[in-house]
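Me: I'm new to reading protein models. Could we go through this one together, step by step?

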Amino acid sequence: MKEHLFQLDNPVWVFMGRIVDFVLLTGLWLLGSLPVVTVGASTKALYTVAMRMAKNEEGYTARSFVQAFREGFKESTLIGLAVLAAGVFLCSDLYVYWRMTGRAGVFLFTVFLVLTAVYLLTLSYLYPLMAGTEYRGMKLVLAAFVTACKNPGWALLLMTVMAGTLLVGVFVFAPLLAVGVGLAAYVQCRLTAFVTRHYHIRL
């Protein structure tokens, strides 16, 4: 009994090791995102390591993160900036049209609300697919969009996982923030692999 307790494959130690990995992933993602322009590369690295964890293929977490951060740095950075720019554009338009009176304001607000929903649903699959496939550029965006359209319920769940984890950490249980980003990315990658298991997209 005591010998089994100290074995590395003991479920307790496996669980504790995973928690440490999530803490490390969250910290590395925050560090890599400090210059806002690199948030895309940092997020891509986060999901790359999380996808390997989901497939039980991970190695050393920090080393894997740094390697993923460097690989395709320019492209993932540009995608990250495009995602941020689109988000700012949609949010600012929603604010403007929310304050606009008359039917035109209601119509434009509704249009941009739908566009924002499409943006968020597509974004929920974007980084897991970037981590698990060779898709890049518009092909990646299209794959994320099509997957979201085919599985809107799952896309909503993916968004809820990240948002819910962070909200619980902020308002209910602060220590969750230490593992929140890494844990949420891991769960999202497992769900994405499950959703796409019957598609040509294989993670």
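**A walk through the helices**

Reply: The protein has nine helices and zero strands, where helices (H or I, at least four residues) and strands (E, at least two) are DSSP runs, numbered from the N terminus. This is a predicted model, in which local features need pLDDT of at least 70 and side-chain atom pairs count only at pLDDT 80 or more, while totals for chains, interfaces and linings use all residues. Residues are numbered from 1 along each chain as its sequence is written, and side-chain values use heavy atoms, with hydrogens and water left out.

Me: What percentage of the protein's residues count as buried?

Reply: First, the cut-offs: buried means under 20% relative accessible area, exposed over 50%, and partly exposed in between (1.4 Å probe, protein chains only). The C-alpha atoms fill a box of roughly 75 × 40 × 35 Å along the principal axes. Out of the 203 residues, the buried share is 40%.

Me: How far does helix α7 reach from its first C-alpha to its last?

Reply: Helix α7 covers residues 137-150, which is 14 residues. The expected span is 1.5 Å times one less than the number of residues. That gives an expected 20 Å, and the model's α7 comes close to it, reaching 20 Å.

Me: Within what arc do the buried residues of α7 fall?

Reply: The buried ones are L140, A143, A144, T147 and A148. An α-helix has 3.6 residues a turn, so residues three or four places apart point the same way. Here the arc is taken from the directions from the helix axis to the C-beta atoms. Looking down the axis of α7, the buried residues line one face of the helix, because they fall within an arc of 130°.

Me: Is the ring pair of Y97 and F112 stacked, edge-to-face or tilted?

Reply: Rings of Phe, Tyr and Trp (its six-membered ring) pair if their centres lie within 6.5 Å; planes under 30 degrees apart count as stacked, over 60 as edge-to-face and the rest as tilted. The structure holds eight such aromatic pairs. This one joins Y97 in helix α5 to F112 in helix α6, 15 residues apart. The ring centres are 5.3 Å apart with planes at 35°, so the pair is tilted.

Me: Are Y97 and F112 buried or exposed?

Reply: Y97 has 18% relative accessibility, so Y97 counts as buried. F112 has a relative accessible area of 13%, so F112 is also buried.

Me: Which residues does S64 touch, leaving out those up to four places away in sequence?

Reply: S64 belongs to helix α4 (residues 61-70). With a relative accessible area of 10%, S64 is buried. Its contacts are V49, R52 and G59.

Me: How many disulfides are there?

Reply: A disulfide is a covalent bond between the sulfur atoms of two cysteines, and here the rule is a pair of cysteine sulfur atoms within 2.5 Å. The closest cysteine sulfur to that of C149 is in C91, 20 Å away, which is too far for a bond. By this rule, the count of disulfides is zero.

Methods:
Contact means heavy atoms within 4.5 Å.
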